[in-house]
Amino acid sequence: MSDQPAEHRGGSLPEAVALDVEPVQSVAAPFRPVRVAPGDPRYPDLVTGNDKRWVAAPEYVQVVGDSDQVLHAVDRAARAGKRVSVRGGGHSYAPFVYHPEAEVIIDLSLMYDVYYCDRRRAFAVEGGAQLGRIYEWLFKGWGVTLPGGVCPGVGIGGHASGGGYGLLSRKFGYVVDHLEAVEMVVVGRDRRARRITASRNPDDPNHDLWWAVTGGGGGNFGIVTRYWFRSPGSRGAAPAEQLPRPPKSVLLSVVPIPWSDLDRTGFTHLVRNFGTWHEQNMAPDSPYTSLTGVVFLQHKASRSVNILTQIDAGIPNAEELLAGYLSAITQGTKAAVPPAARLSWLDATELIGTSNPTLMTSPAMRSGVKTAYMRKGFTDAQIGTFYDQMTRDDYVNPNATLQLTGVAGGRINAVDPHATASVHRDSAFLALFENYWQDPREDEQHMGWLREIYHTAFASTGGYPVPNEQSDGCYINSPDTDIKDPRFNKSGVPWHALYYKDNYRRLQRAKARFDPTDFFRHSQSVELPHRP
């Protein structure tokens, strides 16, 4: 693919581009832009994402193949005064893309090129690429990777713009810690579309847009048509030196604990042990930064809880470190620890990404999620709430899950919380309260369970994990549809402080400059600052 984006280096947004003619088709574009309207057999599939709770009814869906087509599609919609939504990957837990106000959906799912850009000395990834494709191309082509998530169908557009974490993040940081630059289509005060780039370089006049994309979340400022990734401080000209190298092989451990062997005492030990271990190993210099553990606490209808652990098999004493971790986590339980499997990193990534039903790989599911960054482990009272909810007989759903994820700490905590918009830089682990189901008639039932376990656990702080000694707010990439609702969020802490803390004011300033008419917005988007 030719790498000739239109770049603007002035101190203010550039003049509108001339858009009175049809765009010139680039060599890489798979087709001219396709407009899908109601009545087209493709329409139903293009107006809903992975979460079937959210469905839109736009006037049309514009399927685009390159950044020129994005530019023209946005400009046409802006001039017509249409409300635009943007689809990257489709894995959204909230109606950010598919909602009743959407009049035009711009679908980037066929913009998925991954290549090395010699000019920027960085890897270019188009805004519609999904993680599974990105990992395969980066690794097979150059032996490198990004420390992103485990769901192969997640789109890089939303994943990276919200920070992005995965099983390699304790060693390599967030995805955005490797973001060199972005190409974006934005809309100016004159309601005309422009394409600009913004980079990590603090002297770049558009640097604040780059910063906003490093954790501000998707759908806030414009459409990211292309990311460029290069690790800070990378040296040399070889592509293989510009991003992290994944492990040659990993030890992958799966420890199931049958619910028949897990009473209240054993459950309490397991959850308490997880929190204590991660508190003790959250520092960037921990010897365990190459290890990431996840505990899936699913309702007893699932028949077991599962401990998933991955460690770089090539580090010194990997087997001993893994054994020490599992011993610490399972102490006081009846867990029997089977031998770990040695797999190539890519095989392990593909296996994990396709084998767990709670990873939102099914396109038929409806879902809800709530999150909590934790600086310290849960109290025994909170753990008691979890046990009571997971063993209820009046509510039965094997996909009702509390996921304790060791994707915080380590190198994530080595970065200043204001260096990027991803502010959660001093946590020990992340807890995800998740629920999945299929029947739309059961929405209230399953959301009711999710609300009860979460809001009861954080009842002492108004139902949410406010930033304090124990907790540190919520993760924007797992958006919570209740977080702005005073019936549920009684904490007195605004939704934006839970997601962004004191980085929010800078995000608002970026919003005012790069999206001054609030053209790109959704139910939890960054708001324009109030003017006196």
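Q: How many cavities of 30 Å³ or more does the structure hold?
A: This is a predicted model, where local features need pLDDT of at least 70, side-chain atom pairs count only at pLDDT 80 or more, and totals for chains, interfaces and linings use all residues. Residues are numbered from 1 along each chain as its sequence is written, and side-chain values use heavy atoms, leaving out hydrogens and water. A cavity is a set of points, on a 1 Å grid over the protein atoms alone, where a 1.4 Å probe fits but cannot get out. With volume taken as the space filled by probe spheres set on the points, the number of cavities of 30 Å³ or more is five.

Q: Which helix gives the largest share of the lining of the second largest cavity?
A: This cavity holds about 110 Å³ of space. Its lining residues (those with an atom within 4 Å of a point) include Tyr135, Gln310 and Trp345. Helices are DSSP runs of H or I with at least four residues, strands are E runs of at least two, and both are numbered from the N terminus. The largest share, three residues, comes from helix H9 (residues 345-355).

Q: Why is strand E15 largely enclosed by the rest of the structure?
A: Buried means under 20% relative accessible area. On one side of E15 Thr401, Gln403 and Thr405 are buried, and on the other Leu402 and Leu404. E15 (residues 401-405) is largely enclosed because its buried residues number five of five.

Q: Which residue in E15 is the bridge partner of glutamine 298?
A: Strands pair if DSSP finds at least two bridges between them. Strand E11 (residues 291-298) runs antiparallel to E15, joined by five bridges. In E15, the partner of glutamine 298 is threonine 401.

Technical notes. 1 Å grid on protein atoms, 1.4 Å probe; cavity = no way out; pocket = protein on both sides within 12 Å on 5 of 7 lines; lining within 4 Å. Buried < 20%, exposed > 50% of the residue type's maximum accessible area, 1.4 Å probe, protein only.
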